[in-house]
Amino acid sequence: MLDIVVCVSGGGTNLQAIIDRIKAGEIRDVRIAAVISNNYGVKALERAADAGIEAKVVSPKDFENRALFNEALLETVKAFKPGLVVLAGFLVNIPEAFVREYKGRIINIHPSLIPSFCGVGYYGLKVHKAVLERGVKVTGATAHFVDEGTDTGPIILQKAVNVMDGDTPEVLQRRVMEQAEWEILPKAISLFAQGKLEIKDGKVLINE
Ligand code: GRF
């Protein structure tokens, strides 16, 4: 059984996709040991409660400085002894000590086809606004391992999504979530749990 901790910041729709796929038996031998949010009162916490999953809030507002927050975040995660940490809409820069502690065991979902529209400042709706501004015809989502950079870790899975005429950032975000994020993040977790992911020379091999 692989215990995972899922880190969230807001809506928690990616968390919900993981919960639903575990319940449906599409992800086997995985248990969400805890949900950790950096914000109080967000929908993701309701989703955790509805699913009977322990949830913790580690908010920067509760700490005198960033270093104390970073330390508390890592200690809170470590307490659950996860074999994998999943960043599901988690809008926090993961501190170096955290990445070191869980090297090769942190997966993030990013709402674009990395290396496009990613890196510092590209998160949530900002990504889709930039996609529409540039006029690309295809976007999508990327599930990747987290390294010391921002959206720079080895890519696990990607899925393309068409941009339609008249799309607003909100409409496009929803389509990318529904058609890509909610599919590839659970799949990446499942592949990891089955031991089918291998990182070699910075690339991910999937040993199906
Ligand atoms: C989504 O845009 C997702 O791509 C990004 O965070 C946003 C909210 O995700 N990672 P969620 O609904 O909180 O899972």
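Start by selecting Thr-139. At 2% relative accessibility, Thr-139 counts as buried (buried is under 20% relative accessible area, exposed over 50%, partly exposed in between, with a 1.4 Å probe and protein chains only). Thr-139 belongs to strand β6, residues 138-145. Strands here are DSSP runs of E with at least two residues, helices are runs of H or I with at least four, and both are numbered from the N terminus.

This is a predicted model, where local features need pLDDT of at least 70 and side-chain atom pairs count only at pLDDT 80 or more, while totals for chains, interfaces and linings use all residues. Residues are numbered from 1 along each chain as its sequence is written, and side-chain values use heavy atoms, with hydrogens and water left out.

**Around Thr-139**

Now show the surroundings of Thr-139. Setting aside neighbours within four places in sequence, Thr-139 contacts Pro-111, Ser-112, Leu-113, Val-131, Lys-159, Ala-160, Val-161, Val-163, Leu-172 and Val-176. Contact means heavy atoms within 4.5 Å.

A salt bridge is a side-chain nitrogen of Lys or Arg within 4 Å of a carboxyl oxygen of Asp or Glu. Side chains of opposite charge can pair when their charged atoms come close. Glu-183 is partly exposed at 36% relative accessibility. Lys-159 is partly exposed too, at 27%.

**Along α6 and past its end**

Follow helix α6, residues 169-193, to Ser-190. Is Ser-190 buried or exposed? Ser-190 counts as buried, because its relative accessibility is 10%. Ser-190 touches Glu-26 and Ile-27, not counting residues up to four places away in sequence.

Step on to Gly-195, in the loop between α6 and β8 (197-200). Gly-195 counts as exposed, at 58% relative accessibility.

Glu-26 is partly exposed at 48% relative accessibility. Arg-21 is also partly exposed, with a relative accessible area of 24%.

**Helix α1**

Select α1 next. Its buried residues include Thr-13, Asn-14, Leu-15, Ala-17, Ile-18 and Ile-19. What do the buried residues of α1 pack against? They pack against β1, β2 (30-37), α2 (43-50), β4, β5 (106-110) and α6.

**The two domains**

Colour by domain. The assignment gives domain 1 (1-102) and domain 2 (109-145 + 153-208). These bounds come from an automatic or database domain assignment. The C-alpha centres of domain 1 and domain 2 lie 19 Å apart.

Look at the interface. Here 18 residues of domain 1 are in contact with 12 residues of domain 2. About 1,200 Å² is buried between domain 1 and domain 2, with carbon and sulfur atoms giving 71%. Buried area is the accessible area (1.4 Å probe) that two parts lose on being put together, summed over both.

How many salt bridges does the rule find across the interface of domain 1 and domain 2? It finds 0. Between domain 1 and domain 2 there are 4 residue pairs in polar contact, both residues at pLDDT 80 or more. A polar contact is a pair of N or O atoms within 3.5 Å; within protein, one must be able to donate a hydrogen and the other to accept it, and residues adjacent in sequence count only if both atoms are side-chain atoms.

On the side of domain 1 that touches domain 2, the elements giving two or more residues are β1 (2-8), α1 (13-23) and β4 (84-87). On that side α1 gives the most, with 5 residues.

The whole structure holds 13 salt bridges. Select Lys-56 and Glu-54: their closest N and O atoms are 3.8 Å apart in a salt bridge. Lys-56 is partly exposed at 36% relative accessibility, and Glu-54 is partly exposed with a relative accessible area of 41%. For a last stop, select Glu-75, Lys-78 and Glu-101, which are linked in a network of salt bridges.
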